[in-house]
Amino acid sequence: MKEAIEVFNPKIIVAIGSYANDRVKELKKKNLISEGIDCKLLPHPSPRALNNQNWVEKANQWYIDNDILKYFQH
């Protein structure tokens with residue numbers, strides 16, 4: 001993951017699920033990636049998670065609420 005982050009040099013990382021979010025936090029804690037990279041947690045779409053109905057709609061609203069869509073539009 002560290003190498004991919006170095007190659008892409010992102011301003012923001014959207015971590016899909018707690019596992020990915022924890023890995024980013026760990027890299028920051030060890031000073032392996034910049035503290036300046038913002039990391040946002042998007043809940044994972046796992047069908048095993050309770051109350052995980054309509055994930056696509058919830059994710060779309062999450063993108064709006066977290067002002068992420070601007071990164072996908074030019």
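Two rings of Phe, Tyr or Trp count as a pair if their centres lie within 6.5 Å, with the six-membered ring used for Trp. With that in hand, the model here, which is predicted, has a cluster of Trp62, Tyr63 and Phe72 linked by ring pairs.

Let me go through the pairs. A search of the whole structure gives two aromatic pairs. One joins Trp62 to Tyr63: the centres are 5.6 Å apart, the planes are at 75°, and the arrangement is edge-to-face. The other joins Tyr63 to Phe72, also edge-to-face, at 5.9 Å centre to centre and 85° between the planes. Planes over 60 degrees apart count as edge-to-face.

Next, accessibility. Which of these residues are buried? Trp62 and Tyr63 both are. Tyr63 has 19% relative accessibility, so it counts as buried; the cut-off is under 20%. Phe72 is at 55% and therefore counts as exposed.

Together with Ile64, Leu69 and Tyr71, Phe72 makes a nonpolar surface patch of about 410 Å². Where does Ile64 sit? Ile64 belongs to helix α3, which covers residues 55–65.

One last item, on a charge and a ring. Arg23 lies over the face of Tyr19, 4.5 Å from the ring centre. For a contact of this kind, CZ of Arg has to be within 6 Å of the ring centre and within 35 degrees of the ring normal.

Technical notes. Residues are numbered from 1 along each chain as its sequence is written. This is a predicted model: local features need pLDDT of at least 70, side-chain atom pairs count only at pLDDT 80 or more; totals for chains, interfaces and linings use all residues. Side-chain values use heavy atoms; hydrogens and water are left out. Patches are made of residues with over 30% relative accessible area and no salt bridge: like charges are joined within 9 Å, nonpolar side chains (Val, Leu, Ile, Met, Phe, Trp, Tyr) within 5 Å. Accessible areas come from the Shrake-Rupley method with a 1.4 Å probe; for residues, only the protein chains shown count as cover. A salt bridge is a side-chain nitrogen of Lys or Arg within 4 Å of a carboxyl oxygen of Asp or Glu. Helices (H or I, at least four residues) and strands (E, at least two) are DSSP runs, numbered from the N terminus. Rings of Phe, Tyr and Trp (its six-membered ring) pair if their centres lie within 6.5 Å; planes under 30 degrees apart count as stacked, over 60 as edge-to-face and the rest as tilted. Buried means under 20% relative accessible area, exposed over 50%, partly exposed in between (1.4 Å probe, protein chains only).
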